[in-house]
Amino acid sequence: MSAARDTAVEVEGLVVTFGHFKAIDNLRFTAAYGEVRAVIGPNGAGKTTLLDVLTGRSPARAGRVTLDGTLDLTRMSEVQLALSGIGRKFQKPSVFEALTVWENLDLACRRHRRSLVREVFSAADARHTATITATLDRIGLGAQRNARGATLSHGQKQWLEIGMVLVQEPKVLLLDEPVAGMSDDETLQTAALVRSLRGPHRSIIVVEHDMDFVEQIADQVTVMHEGKTLFEGSMQSARTDHRVLDVYLGR
Amino acid sequence: MMAASERGAAATAGLIALLLILVPLAGLHLAGPVGLSVYAVNVVGQVMCFALLAMSVDLMWGGAGILSLGHGLFFALGGYIAAMHLLRTAFATTHVLPDFLQFMGQSAFPGYWHVFDSLPFTLAAILLIPGLIAFVFGFVSFRSRVNGVYFAIITQALTYTAMLLMFRNDTGFGGNNGMTGFHGIAGLPIGGANAAVLLTVLSTIAVLLTLIGGRVLLASRFGRMLAAIRDDEPRLRFLGYDTLWLKLAAWCLSAMVAAVAGALYVPQVGIINPSLLDPSVSLEIAVWVAVGGRGGFYGAIIGAVLVNMVKFWLSAAAPSLWPFVLSLLVLLVVLALPNGLTDLRNRSRSWMTDLGRGFREAGRGRPERGAG
């Protein structure tokens, strides 16, 4: 079933260093369209660094990172990567606090991706309004549409940021700890949201510490350790793999 | 919150518009209970120029969260360009070369001065030269992602460099003494009542137009992009916005507004010299904005007006006290009102609502706890 899926992101031989420290060491990683791929591992395993490379925040020392098999992601700026369809929700909820929920989504929902001048002078059209309204429903913030970002709860900010990335219609959706700091209820709702986002033209990569959440959402799990891939497979088998247990789940 | 800001801006605009009635009365020699004296008109005009300058800083600081401590440079540039035009027109009537050129042993204006004979060219230059300098400086800084306090420091360095350059007599703009000896403006003798009224009215109109235009800009999609830069610039970049160009656009616009303020200011004081390029002048502009309150422009106007009124009064009454009063103001703002006088309004409102809630709860006998 998963074999038939097209590869979205392919990482080969990736090395990322900070000074003498190898945050990522010869990493091999793939994420396919139509799946939710969870990346787990102990602190310092290089999970967030991997997302940083995919979004142009950290430069790759060596290796290949491609989208759709052809597009070289290591040479592109954050802006180019975002416009090529890589959307990221940050670990710390990052929304524009002075703007309302609607304005946050409206800014994220680009009208003219190729021209900033046209973007500035563009007027809202029906299609964008519909996209934003649908996204508001999806993230459950319809009632807060006119509330300022600063007034939202932590969980609501996380959802808003997911919504902001969603309206960009990304091919690759990167979620860095989407349920950190959320209540159990909020975590359940977020799990349902992430499951509902799966689609044939979207690859979802989630970095998360909450194992129950990962089990609910992930089709495939990549366990990273010291900048390398330790294990790939289902969450159930990860839970019983002795290497994983040794480094991470800790007996 | 939005409504409070709207009301504040409307009230400020209303008060400034009142000046457009009071000031021309002075020109009709109705000074006294209804009008203003020529001295007062001149003070109002200068203060309006400072208000305009404060708004230019607020566009960057309140709008995009980027603090400039070097806007004195753009103010002075506008002033120097206006002064060049005024000296050329003075020469056309008096045929006397300005002192500083005679002092340098020159018998005529250097060739490039002749272009400033033209008023339209001068007006264009007032916008374009500071705009171009802002563009080059902003492009280099923003592209290297120089942010926050580091950006503020290099803007100080920039205006300091310009001051050292302008202090040299060889630079050709009057060195230490600057440029003075203006004759007239639009056919009115400089220093006279009519010129003072004209310049004050122009400055007041410039403040009003900038207040209205600036608020329209902040409410536009571009203004929301600036707010997004202020709140979380990396987030905006990862949404696919190249923030370099947004910041650069705001920065150049801000420099141009400051230059217009300088160009209106110099004929009112009758002199321009490098002291305007002193970093302390630029720091003071930031103090005006901090005192009045960042964002929305009306706080900047109120701050510039209040601080400068105190300064005008003190410079006559007790000039040596000014640095202490200024420092005290800064301390007060930093400690008690982090967002300036606009905080006073928000704070008094929250006291009022607290008081109201207290009364209601007392009426019910016990405090009520909401469910959520």
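This is a predicted model: local features need pLDDT of at least 70, side-chain atom pairs count only at pLDDT 80 or more; totals for chains, interfaces and linings use all residues.
View 1. Residues are numbered from 1 along each chain as its sequence is written, while chains are lettered from A and ligands numbered from 1 in the order in which they are written. The two strands form a hairpin with two residues between them, and E226(A) in the turn has a positive phi of about 50°. H225(A) stands opposite K228(A) of β10(A).

**View 2. The open sheet of chain A.** Six strands of chain A, in the order β6-β7-β8-β3-β9-β10, form an open sheet with mixed pairing. Its edge strands, each of which pairs on one side only, are β6 (86-89) and β10 (228-233) of chain A. Direction ignored, neighbouring strands of this sheet are turned by 20° against each other on average, the axes being lines fitted to C-alpha atoms (for helices over the stretch in contact) and angles running from 0 to 180 degrees between N-to-C directions. Strand β3 (residues 36-40) and strand β9 (residues 220-225) of chain A pair in the parallel sense over four bridges; A38(A) has V221(A) as its bridge partner in β9(A), and I40(A) has V223(A).

**View 3. Helix α1(A) on the sheet.** Helix α1 (residues 47-54) of chain A lies across β3, β6, β7 (172-176), β8 (203-207) and β9 of chain A, and runs at about 145° to β7(A).

**View 4. The packing of α7(B) and α9(B).** Helix α7 (residues 193-219) and helix α9 (residues 243-269) of chain B pack at an angle of about 165°, with their axes 10 Å apart. L199(B), L202(B), S203(B), A206(B) and T210(B) in α7(B) meet V257(B), V260(B), L264(B), P267(B) and Q268(B) in α9(B), contact meaning that the C-beta atoms of two residues, placed from the backbone, lie within 7 Å. The residues of this contact divide into seven nonpolar, three polar and no charged (nonpolar: Ala, Val, Leu, Ile, Met, Phe, Trp, Tyr, Cys and Pro; charged: Asp, Glu, Lys and Arg; polar: the others, Gly among them).

**View 5. The surroundings of A304(B).** A304(B) has its place in helix α11 (residues 298-317) of chain B and counts as buried because it has 30 C-beta neighbours inside 10 Å, the cut-off being 20 or more other C-beta atoms within 10 Å of its own. Not counting residues up to four places away in sequence, A304(B) touches V47(B), F50(B), A51(B), A54(B), W288(B) and G292(B). The C-alpha atoms of A304(B) and W288(B), 16 residues apart along the chain, are separated by 4.8 Å.

**View 6. The contact between chains A and B.** Here 20 residues of chain A are in contact with 16 residues of chain B. On the side of chain A that touches chain B, α2 (78-83), α3 (101-108) and α4 (116-121) of chain A each supply at least two residues, and the largest share, four residues, comes from α2(A). The residues of that side divide into 11 nonpolar, three polar and six charged.

Technical notes: Two strands pair if DSSP finds at least two bridges between them. A residue is buried if 20 or more other C-beta atoms lie within 10 Å of its own, exposed if 12 or fewer, and partly exposed in between; C-beta atoms are placed from the backbone.
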